[in-house]
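Thanks for coming, everyone. Let me put the next structure on the screen, and then I'll talk you through it.

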Amino acid sequence: METAALNSFSTRLFSTGHRAIARQYFFLSLFAVLAGMALSLVMRFHLVFPQAGNDVLTPEYYLSLLTLHGTLMVFFVLTLAPLSAFANLVLPEQLGAEGMAFPRLNMISFWMTAIAFALLLASFFATGGGALSGWTAYPPLSAVGAIAGPGEGIGQTLWFFSIGVFCLASLLTAMNIIATVLDERAPDMALMEMPLTCWNWFVTAILTLLSFSVLLAALLLILLDRFAGTSFFVPGGLLVADEAIPHSGGSPLLWQHLFWFFGHPEVYIAILPGMGIVSEVISTFSRRPAFGYRSMVWSTIAIAFLGLLVWGHHMFISGLNPYSAIAFSLLTMAIGIPSAVKTFNWIATAWGGDLHLTTAMLFALGFVSIFVTGGLSGLFLGQPELDAYFHDTYFVVAHFHLIMGIAALFGIFSATFYWFPLMFGRMLDERLGKLHFYLTFIGAYATFGPMHFAGFAGNPRRYPDFTTFEFLGQVMPLQRWITGAAFCLASVQAIFLWNLFRSMRHGIVAPDNPWESSTREWNAAARY
Amino acid sequence: MPGTLTEPSLGPPPPIEPVWPFGDGDNSDHDRPNPGNARSASITGIIVLMCASTMTFAALVSAMVVRRGLNNDWTTIGLPVILWWNTGALVASSIAIDAARRVLRRGKRTLFNWLWSAGTILGTGFLAGQIVAWRQLEQRGFYVSGHPSTAFFYVLTWAHAAHVVGALLAVIYVEYRALRFQLGPGRRTLVDASALFWHFLDVLWLGIMGLFAFWA
């Protein structure tokens, strides 16, 4: 009896069923987002009460919090939930397939991701301090080891290994999705007949494939710098802690090129799946087919393609050749065109439709709003002259939190409310859902909107204490407001958590096709 | 040894049985109704893997090109002669493996075993030769911890060798099954996928050799 129970537990834990793996990814992301949010609250509290707990929350510890927050959110939330969780949940059925192409690899991908997550947590608690180089881990300090100070020893090493394992897992997931789309589709479904969600997951998987492989190469080089004494990213004559570093001939800019070749597409890896989800949700709840299907597909491809060519706009102030900067700037601006096509199509789909303002629909509409707001500030940052001022200020923090963080999270919320019946066979509470949406929507703007003004005032990011700088005195009231709004925003997420865990057990049992959707995952045979 | 077992008579081709992990494992949700999908998915999976590896190597080579352009301190290393022998071994191994793949399609399983074994031995020889080349370079004072111009050679050849080790494991697994006559015209997905990746490594190596012989 006990053996049977153990076998059953093991089968569930190491399940190769795509829905089970989707739930595993979902809960891993949920844990990561809660941890990341808690870290951000500690940082926000410290920014407005820098004297409180100063003996524990040292500047280095603040940077460790910042690093873990960024890494958790970018890799373990924004990469995992929209792609790995929801693609696993419905991609095969939407394609009319019998499952993912490689079920065992799928399971292995998840457990590699879980190992990467454990390594990341270990990096925070490592002897000598948690990794503190930020999610970008810029060398040379991150490349020379413990001599560079607290957090640059074991903590940073574990961080690199964590991201390396995560890269491998993501590549396996991308491989699975690409093979599933190309080879497992129902014979009667042409590529140009796939639901937009599938197109977005497919393009995101290709983007993952192309960009994570480059990050893997960069990680290999930086680990060799740390352990084999190579000098890829460490320049000659570097003095650290009054000690000459015995490296020569490296260039920290090499890392920036390699990292941002991954880092910028990563933004689209986070947001493209959300665009697909929003397209489907708006179409379903407007009771109309998505407007401009072909233009939606081609704009997805265009965004991904252009996204691979604009990494240099993260390096405008790194001494980039001005002609390169112009090219990167023009390409960055060009991304606005397919993005605008998508936005107009979403509005056109809803325009005049039979709107059903369910929670999923509200989050989808909220996504459009946040995406436009976050995208507009991107137009400023994409210009070298303006970026010279805004670089490393709270304007950038506001921009990427809106466009990459909150917009993607709205996509995740929309997908959760929409596909919850397929995940757990029950419905989420709509009244609580709507309350959660309105409060989150207001809270997101209240938190990240004022950060633009802090950026205008030249407020630098990554500083643990603004009170020591006289010129930042004027932004403190704004920072206090932001902290208050952030705590409110975080608090209202309790409504979602309550709704989620309560509905898993006690929610209304879901009917066959609760949203009267036209996609295949709702066929009775494909139900949970 | 190849050919020591009696070749069983060829009946109707057995159903395709893709092998872990590039195939239809026990998908607990569904039974796959169309084995053809599994075969094409396996080939797609390998092609995707090749794309990922290409990007990784492209990133390493780009870093090398950019680094070389930053300063006028680039030094060239004279390639050890054994690298040319290694190149020959890898190309020969690729030819043997491709010939094996073709004869398997025609059902000549004993000949397949011989050819595949030859490819495996040549591939192993390539790896052994690479180790000798690294030793020779170290004896001449070119260490990985030296200047980036030297270090990039080691990184690219190590990364390639790591790929070869992975591919060799697959090739040896094919060998293991082939010697038991478990492969045939209707059961060759693993063979085709392994051969495809092996050829990719061959082309990749020719690119690396070309880079260091004529440019770096």
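Ground rules first. This is a predicted model, where local features need pLDDT of at least 70, side-chain atom pairs count only at pLDDT 80 or more, and totals for chains, interfaces and linings use all residues. Residues are numbered from 1 along each chain as its sequence is written, chains are lettered from A and ligands numbered from 1 in the order in which they are written, and side-chain values use heavy atoms, with hydrogens and water left out.

Now the core. By nonpolar core I mean buried Ala, Val, Leu, Ile, Met, Phe, Trp, Tyr and Cys residues joined through side-chain atoms within 4.5 Å. Buried means under 20% relative accessible area, exposed means over 50%, and partly exposed is in between, with a 1.4 Å probe and protein chains only. The largest such core holds 229 residues. Which residues have the most contacts inside it? They are A:Phe75, A:Trp419 and B:Phe112. Helix α14 of chain A, residues 394–424, gives the most to this core, with 20 residues. Helices here are DSSP runs of H or I with at least four residues, strands are runs of E with at least two, and both are numbered from the N terminus.

Look at A:Trp419. Contact means heavy atoms within 4.5 Å. Setting aside neighbours within four places in sequence, the partners of A:Trp419 include A:Phe86, A:Leu89, A:Val90, A:Trp201, A:Ile277 and A:Trp522.

On to the interface. Chain A puts 42 residues in contact with 41 residues of chain B. Buried area is the accessible area, with a 1.4 Å probe, that two parts lose on being put together, summed over both. Between chain A and chain B that comes to about 3300 Å², and carbon and sulfur atoms give 69% of it. A:Glu98, A:Arg104 and A:Asp183 supply 17% of what chain A buries against chain B, more than any other three residues.

How many salt bridges are there between chain A and chain B? The count is 0. A salt bridge needs a side-chain nitrogen of Lys or Arg within 4 Å of a carboxyl oxygen of Asp or Glu. There are 4 residue pairs in polar contact across this interface, both residues at pLDDT 80 or more. A polar contact is a pair of N or O atoms within 3.5 Å; within protein, one must be able to donate a hydrogen and the other to accept it, and residues adjacent in sequence count only if both atoms are side-chain atoms. On the chain A side, α7(A) gives the most, with 8 residues.

Salt bridges over all chains: 10. One pairs A:Arg287 with A:Glu516, at 3.8 Å, N to O. A:Arg287 sits in the loop between α8 and α9 of chain A and A:Glu516 in the segment after α16, so this pair ties together parts that are 229 residues apart in sequence. A:Arg287 is partly exposed at 32%, and A:Glu516 is exposed at 60%.

Another pairs A:Asp392 with A:Arg462, at 2.9 Å, N to O. A:Asp392 lies in the loop between α13 and α14 of chain A and A:Arg462 in the loop between α15 and α16, so these parts are tied across 70 residues of sequence. A:Asp392, A:Arg461 and A:Arg462 are linked in a network of salt bridges.

Chain B has B:Arg67 with B:Asp73, the closest N and O atoms being 2.8 Å apart. B:Arg67 is buried, at 0% relative accessibility, while B:Asp73 is partly exposed at 28%.

Cysteines next. A disulfide takes two cysteine sulfur atoms within 2.5 Å, and the whole structure has 0.

A:His399 is in helix α14 of chain A and is buried at 16%. A:His452 is one of its contacts. A:His247 is in the loop between β2 and α8 of chain A, buried at 12%. The backbone oxygen of A:Thr230 lies 2.6 Å from a polar atom of the A:His247 side chain. That side chain of A:His247 also makes a polar contact with the side chain of A:Ser231, at 3.3 Å.
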